[in-house]
Amino acid sequence: MQVKSIDAVQAMLGAQGYVCGRPLATVVFLALRLGRPLFLEGEAGVGKTEIAKALAAALGRRLIRLQCYEGLDASSAVYEWNFPAQMVAIRTAEAGGGADREVLNRELFGPDYLIERPLLQAMRPDEHGAPVLLIDELDRTDEPFEAFLLEALSDFQVTIPELGTIKAPEPPIVILTSNRTREVHDALKRRCLYHWVDYPDFAREMEILRARAPEAAERLSREVVAFVQKLRTEDLFKKPGVAETIDWAKCLLALDVIALSPEVIADTLGAILKYQDDIQKLQGSEAKRLLDEVKSSLDPA
């Protein structure tokens, strides 16, 4: 499936419930058209991971996710050998007697004992087309892994000493994300098309909420979005993302809430704020003050 225009990208992602602005749709279109990796940077919860999921679903491709973490190395991202199965095979061969060591060694380090990790999986042919490879939260890893990744994404191939080099017949669609807890090296960024994913404005966040929680009444949706947007202007340790907006709206719906009140906000703060210090700031009269400002802005006199 070849996407023919930026508008088609917006429509395609919109059909999956992902409301995409034109700047982001443009860089997605270019990444697909040019076969370039796409590097998405921004605060947690703004929809970086979701775009990979929506794109895979829209294109009918397999989504392969490499969740990054501190200490992740190349071998863990590419492959591992199934050591327990290898040991069983060795003991079985020894018990049977007369095992040819050379033949046994070839079998032990063959495809039957290979555990494929995300990068190797993404290099394999797929009848539905090249998969979408999501390399999530790259900023959690260290520079040596970045250097390895730069080489792997340049040639779209990996090397397994026992099996040789495996090259992708068709390069995967690569999306890398970063929450910017540290700077990613320029060499890797230059390999990619770049886009900063920011918090949406009120109108776009309303579109997102309508798409992801359509059962929410218009009044409640407006209050929820306006309140979350107000929270993002406060001095908080962790500002709520779009994911929290959606979660909060769904929590309110489960409680049959039809309008925000200070009491409802106090009872459900854990859906939008994830740190006790932030929650503490909204205790007492502070939530009422913010809510009053929100309602005043939505219903000006």
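Q: How many aromatic pairs are counted, and by what rule?
A: The count comes to six aromatic pairs, where rings of Phe, Tyr and Trp (its six-membered ring) pair if their centres lie within 6.5 Å, and planes under 30 degrees apart count as stacked, over 60 as edge-to-face and the rest as tilted. This is a predicted model, in which local features need pLDDT of at least 70 and side-chain atom pairs count only at pLDDT 80 or more, while totals for chains, interfaces and linings use all residues. Residues are numbered from 1 along each chain as its sequence is written, and side-chain values use heavy atoms, with hydrogens and water left out.

Q: Are phenylalanine 39 and tyrosine 194 buried, partly exposed or exposed, and how do you know?
A: Buried means under 20% relative accessible area, exposed over 50%, and partly exposed in between (1.4 Å probe, protein chains only). Phenylalanine 39 has a relative accessible area of 0% and is therefore buried, whereas tyrosine 194, at 38%, counts as partly exposed.

Q: What kind of aromatic pair do tyrosine 79 and tryptophan 81 form?
A: Tyrosine 79 and tryptophan 81 form an edge-to-face pair, with 6.0 Å from centre to centre and 80 degrees between the planes. Tyrosine 79 is buried, at 15% relative accessible area, and tryptophan 81 is buried too, at 7%. Tyr79, Trp81 and Phe109 form one aromatic cluster.

Q: Why does serine 285 count as exposed?
A: Serine 285 has 60% relative accessibility, and therefore counts as exposed. This residue lies in helix α15 (residues 285-298).

Q: What makes helix α11 oblique to helix α12?
A: The axes of α11 (residues 218-231) and α12 (residues 242-254) come within 10 Å and cross at roughly 140 degrees, the axes being lines fitted to C-alpha atoms, for helices over the stretch in contact, with angles running from 0 to 180 degrees between N-to-C directions. Angles under 35 degrees count as roughly parallel, over 145 as roughly antiparallel, 65 to 115 as roughly perpendicular and the rest as oblique, which means that α11 is oblique to α12. Contact, meaning heavy atoms within 4.5 Å, is made by residues including Leu220 and Phe227 of α11 and Trp248 and Leu252 of α12.

Q: Why is helix α2 called oblique to helix α3?
A: The axes of α2 (residues 22-34) and α3 (residues 48-59) come within 13 Å and cross at roughly 55 degrees, which makes α2 oblique to α3. The contact is made by Leu24, Val28 and Leu32 of α2 and Ile51, Leu55 and Leu59 of α3.

Notes:
Helix = DSSP H or I, 4+ residues; strand = E, 2+ residues; numbered from the N terminus.
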